[in-house]
Amino acid sequence: MKVPYIDLKGQHKLLKKELLKAYTTLLDRSDFILGQPVVDLEEKFARYCGTRYALGVNSGTDALFLAMVSLGIGNGDEVMTAPNSFLATASSIAAAGAKPVFVDVGEDMNLDPTQIESKITPQTKAILPVHLTGKPASMDPILKIAKKHNLFVIEDAAQAMGTEYHGKRAGSFGIANCFSLHPLKTLNACGDGGMITTNDKKVYNTISQLRNIGLKNRSESDLWGFNSRLDSLQAAIVNVKFRYLDQWIAKRRDHAAYYRKHLEGLVTCPIESRGEKCAYHLFVVQTEKRDALQSYLTQKGIETKIHYPIPIHLQRCAKSLGYKKGDFPVTERQSERILSLPIYQTLTRDQLDYVIETITHFFKN
Ligand SMILES: *Cc1c(COP(=O)(O)O)cnc(C)c1O
């Protein structure tokens, strides 16, 4: 049996008719740039996340970058985030001209709120929590600290579409919150795309301009902008997939529960604490024997990934920030123990059983 890490072809085989219909409708209208499909998707996103506004942009990375630019974050400012995230979280801070300041994560792989306050300086402008793997960061303490020190909170919800924290969805906590529609995310486009959710009218208006060369209307501008619009084509595709989102998340949650039931004791499984609903963009287990387990699974036709093998503070691009090995012990230890198992919605029970049997076999020998 073969178990790929992800099955995009399978996903699109199932949706092909609907997607082609959406494409035909788009060709008939030909409103390719900021057309009706973008407006429709923005409405859906805002409703789903429980925010007043949503704005379609080019990518999750651009969503983060534009969120910071819209808040005036730039040269000389510091933004706190987690060193175990995908590189884009920190690179977008650097792209905005600010300095990424890392805070170690806890056992839940998200920002450890008890370590935030000691890192705050007069230059700190924002806290950028990541809901890594689709597990919510500890938003209550983070929002409390932010309020006390007058800092912005910007969520990196790229892995957290559908994640809930005490009854509220990811993307509804910060002043500007960022999603990715990259093909590997749960709600995905057939190419790049991103979304920003906000309740703040000023942020909404500013990002509306920033993503469209700074234009305020057809011919006037009062700020320099960028070209970071979400294509109508990608929005039309995501509108189709949106119909399946809750169903897909439910499937992933079922898979996670099944893995947990059969793998707990062999490997450390992710936990879901009270008040959390994890969307399981990833299902990350931990074991001291990670490398050997991964090779064994590969041999047996099971594809796995490591998100992420090199913490951002140890990347060469982060050299000027002055971090060294040992600075973030939890992040570093996890980077040697984590392994992402296949969790996509179209996995069959037979495939799940095969993964479980193979892992069980590995530990028995
Ligand atoms: C995917 C991802 C991004 C970047 O999104 P893109 O759409 O690929 O630019 C940012 N942060 C996290 C945590 C991600 O997983």
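The legends below describe close-up views of a predicted model.

**View 1. Phenylalanine 45 and phenylalanine 179 form an edge-to-face pair.**
The structure holds 15 aromatic pairs. Phenylalanine 45 counts as buried because its relative accessibility is 1%, under the cut-off of 20%. Phenylalanine 179 is also buried, with a relative accessible area of 1%.

**View 2. Tyrosine 244 and tryptophan 248 form a stacked pair.**
The ring centres of tyrosine 244 and tryptophan 248 lie 5.9 Å apart, with 20 degrees between the planes. The pair counts as stacked because the angle is under 30 degrees. Tryptophan 248 has a relative accessibility of 8%, so tryptophan 248 counts as buried.

**View 3. Ring pairs join Phe45, Tyr48, Phe179 and Phe242 into a cluster.**

**View 4. The charged end of arginine 349 sits over the ring of tyrosine 258.**
The distance from the charged end of arginine 349 to the centre of the tyrosine 258 ring is 3.9 Å. Both residue numbers fall within domain 2 (245-364) of the domain assignment.

**View 5. Domain 1 and domain 2 are in contact.**
The domain assignment places residues 8-103 and 110-242 in domain 1, and residues 245-364 in domain 2. Taken over C-alpha atoms, the centres of the two domains are separated by 24 Å. On the domain 1 side 37 residues make contact, and on the domain 2 side 31 residues do. The size of an interface is often given as the accessible area lost when the parts come together. Here domain 1 and domain 2 bury about 2,800 Å² between them, and 61% of that area is on carbon and sulfur atoms. Within domain 1, Pro83, Phe102 and Thr186 lose the most area to domain 2, together 23% of what that side buries.

**View 6. Glutamate 164 and lysine 277 form a salt bridge.**
The closest N and O atoms of glutamate 164 and lysine 277 are 3.9 Å apart. Between domain 1 and domain 2, the count is 2 salt bridges.

Note on methods: Residues are numbered from 1 along each chain as its sequence is written. This is a predicted model: local features need pLDDT of at least 70, side-chain atom pairs count only at pLDDT 80 or more; totals for chains, interfaces and linings use all residues. Side-chain values use heavy atoms; hydrogens and water are left out. Rings of Phe, Tyr and Trp (its six-membered ring) pair if their centres lie within 6.5 Å; planes under 30 degrees apart count as stacked, over 60 as edge-to-face and the rest as tilted. Buried means under 20% relative accessible area, exposed over 50%, partly exposed in between (1.4 Å probe, protein chains only). A charge sits over a ring if NZ of Lys or CZ of Arg is within 6 Å of the ring centre and within 35 degrees of the ring normal. Domain bounds come from an automatic or database domain assignment. Contact means heavy atoms within 4.5 Å. Buried area is the accessible area (1.4 Å probe) that two parts lose on being put together, summed over both. A salt bridge is a side-chain nitrogen of Lys or Arg within 4 Å of a carboxyl oxygen of Asp or Glu.
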